[in-house]
Amino acid sequence: CYDNIKEAIIMKYSGTLIAVTDMAKSIKFYHDVLKLDVIADFGANVTLTGSIILQTLDTWKKLIQSDAVVLGNQAAELYFEESDMDGFLMHLQHQGVTYVHPPLEHSWGQRVVRFYDLDKHIIEVGEDIVMVVKRFASNGMNPAQIAERMDVPLEFVKESLAK
């Protein structure tokens, strides 16, 4: 039984695979927009930095033995964090992406933007949470005020400020 041996098995998350309709255009998109590079290219399957795997749609359909693949269903997203959110937002303006929504600030202070890749997969880029803490501190908030504003433990704020 798997339950009896699970302590000996170490499960390892290896990446996220998404189906794409045009491999060359998708590689270019992920490089130009998110600065991801190809680390393994097997033609119909390409691994990018950050453990993002692109699979051609036709191959994906064969692998799962189904033609019932729905791209752009908005049920998931690829999530990235960026330490220079202002710089990234300026970069994004020149990439011709289609936005899910314009850049916004969540109630805890993290700035985010969501946009689509070429196959309507949602990509979210959020401000690195440590940078949110530091931004609030640079605007004059003390650690207790930051913890309250972000609804996080004071210890997290202090650790973030020490980085």
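1. Thr47 sits in strand 3, which covers residues 45–48. Strands here (E, at least two residues) and helices (H or I, at least four residues) are DSSP runs, numbered from the N terminus. With a relative accessibility of 18%, Thr47 counts as buried; the scale is buried under 20% relative accessible area, exposed over 50% and partly exposed in between, with a 1.4 Å probe and protein chains only. Leaving out residues up to four places away in sequence, Thr47 touches Asp37, Val38, Ile39, Ala40, Ile52 and Ile53, where contact means heavy atoms within 4.5 Å.

2. A word on the model before going on. It is a predicted one, in which local features need pLDDT of at least 70 and side-chain atom pairs count only at pLDDT 80 or more, while totals for chains, interfaces and linings use all residues. Residues are numbered from 1 along each chain as its sequence is written, and side-chain values use heavy atoms, with hydrogens and water left out.

3. The hairpin is worth a look in your viewer. Strand 6 (residues 98–105) and strand 7 (residues 111–116) run antiparallel and are joined by 5 bridges. Thr98 has Tyr116 in strand 7 as its bridge partner. There are 5 residues between the two strands of the hairpin, and Gly109 in the turn has a positive phi of about 100°.

4. Which residue lies over the face of Tyr116? That is Lys120, at 4.9 Å from the ring centre. Likewise, Arg135 lies over the face of Phe136, at 5.2 Å from the ring centre. The criterion is NZ of Lys or CZ of Arg within 6 Å of the ring centre and within 35 degrees of the ring normal.

5. Next, helix against helix. The axes of helix 2 (residues 23–34) and helix 4 come within 9 Å and cross at roughly 135°. That makes helix 2 oblique to helix 4, given that angles under 35 degrees count as roughly parallel, over 145 as roughly antiparallel, 65 to 115 as roughly perpendicular and the rest as oblique. Asp32, Val33 and Leu34 in helix 2 meet Phe88, His91 and Leu92 in helix 4.

6. Leu34 deserves a point of its own. At 13% relative accessibility, Leu34 is buried. Beyond four places in sequence, Leu34 touches Phe29, Phe80, Phe88, Phe115, Ile123 and Val125. Phe80, in strand 5, is also buried, at 17% relative accessible area. With neighbours within four places set aside, the contacts of Phe80 include Leu34, Leu36, Ile52 and Ile123.

7. On aromatics, a search of the whole structure finds 1 pair. Phe29 and Tyr30 form it, edge-to-face, with 5.3 Å centre to centre and 80° between the planes. Rings of Phe, Tyr and Trp (its six-membered ring) pair if their centres lie within 6.5 Å, with planes under 30 degrees apart counted as stacked, over 60 as edge-to-face and the rest as tilted. Both Phe29 and Tyr30 are buried.

8. Finally, two backbone angles to check. Lys35, in the loop between helix 2 and strand 2 (38–41), has a positive phi near 60° without being a glycine; Lys35 is exposed at 53% relative accessible area. Asp151, in the loop between helix 6 (143–150) and helix 7 (154–162), has a positive phi of about 60° although it is not a glycine. At 71% relative accessibility, Asp151 counts as exposed.

Terms used: Two strands pair if DSSP finds at least two bridges between them. Axes are lines fitted to C-alpha atoms, for helices over the stretch in contact, and angles run from 0 to 180 degrees between N-to-C directions.
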